[in-house]
Amino acid sequence: WADAAGPELLKSTRVLGLKRGVLEVDVRNAVLMSELAQFHKRGLLAKLRTALPGVTLTDIKFRAGTW
């Protein structure tokens, strides 16, 4: 996640786990969660699939966290 997200997104996100091919990511606030889901999800999925060829990754679910 760190390589795909980059240092700026890494500060405001953390991986919760991988369940049935879905990566769950906790996001610091709802505004960033919306931005990631609408504008960055496809690119992040592509980067992760390239970096993890042996892992089945079908989706990323973003959840607003309480940090």
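Tutor: Leu52 lies in the loop that links α2 (30-51) to β3 (59-64); helices (H or I, at least four residues) and strands (E, at least two) are DSSP runs, numbered from the N terminus. The model is a predicted one, in which local features need pLDDT of at least 70, side-chain atom pairs count only at pLDDT 80 or more, and totals for chains, interfaces and linings use all residues. Residues are numbered from 1 along each chain as its sequence is written, and side-chain values use heavy atoms, with hydrogens and water left out.

Leu52 counts as partly exposed because its relative accessibility is 39%; buried means under 20% relative accessible area, exposed over 50%, and partly exposed in between (1.4 Å probe, protein chains only). Together with Leu18 and Val55, Leu52 forms a nonpolar patch on the surface, with about 230 Å² of accessible area in total. Such a patch takes residues with over 30% relative accessible area and no salt bridge, nonpolar side chains (Val, Leu, Ile, Met, Phe, Trp, Tyr) being joined within 5 Å and like charges within 9 Å. A salt bridge is a side-chain nitrogen of Lys or Arg within 4 Å of a carboxyl oxygen of Asp or Glu. Accessible areas come from the Shrake-Rupley method with a 1.4 Å probe, and for residues only the protein chains shown count as cover.

As for the whole, the elements run α-β-β-α-β from the N terminus on. The C-alpha trace spans about 30 × 20 × 20 Å along its principal axes. Of the 67 residues, 37% count as buried.
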